[in-house]
Every structure is written in C-alpha cells, then in structure tokens.
Amino acid sequence: MQQRLALFDLDGTLVDRQAAYSEAVASLCRAHGFAPSIEQWLLAQLADRANTSDFAQLRAVFNLDEPATELWQEYVDLIAAAVTPRPEVLEGLAKLRAAAWTIGIATNGSADTQRAKLAATGIEDLVNGVAISGDVNVRKPDRRLFELAAARCGLNISDGGWMIGDNPAADVGGGHQAGLHTIWLRGRPWPDGLPTAHHTVDDVTDAIALLLNENPE
Ligand SMILES: [Mg+2]
C-alpha cells in the first residue's frame, strides 16, 4: 500500500512567486529611491531565484552605499509580506491533513526567502516537514531533496507518495526519479524526453482534490 505522503513545491505551486517578487522589487526600489534601471536589473536578476549574492552584485554594478546584507534582508521581508496565499489553498492543505495525509514541502530556493514565505503565509503550520535546497546545497530534481522532505515528515521516500509542482524537470522529472507519483501544474512548455506526469491540472486546488479522491492502492 502506498503511503499518503504529498510533497508540494512552493513557488508557482502553493504561492504565486511571480507576483510577489515583482511587488517586493518595486517596494524596495521605491523605499530607496532607486532608478528604474536598478529596478529593471533586479527584475531580470531575480526572475527565477534570489540569493544574497544577487544583492552584492547589485551593489557592485550600481555602486550603491547600502550594505548588501541589509538590502537582502529587506527583500526577504518584502517578498514574505507580498506572498498572499489563496484561502482555498490553505483550506485544501488542512483538508488533506484531516484526511490523514502527511504533507511536505520540497522547494528550491534560499533558506531565508523560503522560510520567511512559509511562515508569513501560514503554510508552515499546515505541513509536517520542509526541505529547502538552500539549506543543504541539493536542488530538485536531485533525489536527495525529495528524500530529505520525506524524512523531515518522518517517512521514508521508498514507501512512495506524490510530488505536486509546476516545474517539469525539477518537480515531475525529479519526483518520478524519486519513485513518486506526480501531478503537474501546467503552464510552462513541456520539454522532450521527460516522463509524463500521472495527472496534469490547472490549479493546485485541483491537485488537492485528486489526492482527496485517491484510494490507497
Ligand atoms: Mg515552482
């Protein structure tokens, strides 16, 4: 029997990182009176992920006075404040828990931003365990991040489960390699050569509904 483990990606799956990061960049630039060229640079630089090193680079490129660590901390606080989870997503996670599912987060990103987002959104309180790539220097699709997420939930990945995410290679390819069933949130182009997800949905709430209807095999 397959265990009721559901591992979720965070950005672009449980929360809308795209909207949040551009809002955070705009607020940061407004607060410091930064020129539009700086805002454009930050939007491009942080489009996929953000790290403290990006702000060291920003400071060097634009000759800024502000310490990189301060700018980074401001960005972390701003993006955490900007991610607003949809109530139905939080309700869905609570329903899964109530239905005896164990829920983990397997996310690529810096420990600072991911932890701040999980705390600010309340997702932290709804899940059993969290694995963040920035904490361990292992990124999805590496099997070890899925193993860690399961272990942080007190479970063994070899007993199976589900991975739900928006990134074809990291979430679906990685989840498949880790022996998990997968649900893909469509949106990005699907690359050649990847195994097909078990289910494809438009919204994470559809993925949660599928899991709630799932009968143990
Ligand atoms: Mg994602």
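Biologist: Is tryptophan 184 buried or exposed?
Modeller: In this predicted model, tryptophan 184 has a relative accessibility of 8%. The cut-off for buried is under 20%, so tryptophan 184 counts as buried.

Biologist: Which kind of aromatic pair do tryptophan 184 and tryptophan 190 form?
Modeller: Tryptophan 190 is partly exposed, at a relative accessible area of 31%. The ring centres of tryptophan 184 and tryptophan 190 lie 4.7 Å apart. Their planes stand at 65°, and an angle over 60 degrees is called edge-to-face. The pair is therefore edge-to-face.

Biologist: Which residues do ring pairs link into a cluster?
Modeller: The whole structure holds 5 aromatic pairs. Ring pairs also build a cluster, and its members are Phe55, Trp72 and Tyr75.

Biologist: Over the ring of which residue does the charged end of arginine 17 sit?
Modeller: Here a charge meets a ring, with the charged end of arginine 17 placed 4.7 Å from the ring centre. That ring belongs to tyrosine 21.

Biologist: Why do the buried residues of helix H2 line one face of the helix?
Modeller: The buried residues of H2 (residues 36-45) are Ile38, Trp41 and Leu42. In an α-helix, with 3.6 residues a turn, residues three or four places apart point the same way. On the other side of H2, Pro36, Gln40 and Ala44 are exposed. Seen down the axis, the buried residues line one face because they fall within an arc of 95°.

Biologist: What is included in the cover over the buried residues of H2?
Modeller: Those buried residues are Ile38, Trp41 and Leu42. Their cover includes H1 and helix H3 (52-62).

Biologist: Which residues does threonine 102 contact, leaving aside neighbours within four places in sequence?
Modeller: Threonine 102 is found in strand E2 (residues 102-107). At 17% relative accessible area, threonine 102 is buried. Its contacts are Arg4, Leu5, Ala6, Asn128, Cys153 and Leu155.

Conventions: Residues numbered from 1 in each chain as written. Predicted model: local features only at pLDDT ≥ 70, side-chain atom pairs only at ≥ 80, totals over all residues. Heavy atoms only, no water. Helix = DSSP H or I, 4+ residues; strand = E, 2+ residues; numbered from the N terminus. Buried < 20%, exposed > 50% of the residue type's maximum accessible area, 1.4 Å probe, protein only. Contact = heavy atoms within 4.5 Å. Phe/Tyr/Trp six-rings, centres within 6.5 Å; stacked < 30°, edge-to-face > 60°. Lys NZ or Arg CZ within 6 Å of the ring centre and 35° of its normal. Arc of directions from axis to C-beta.
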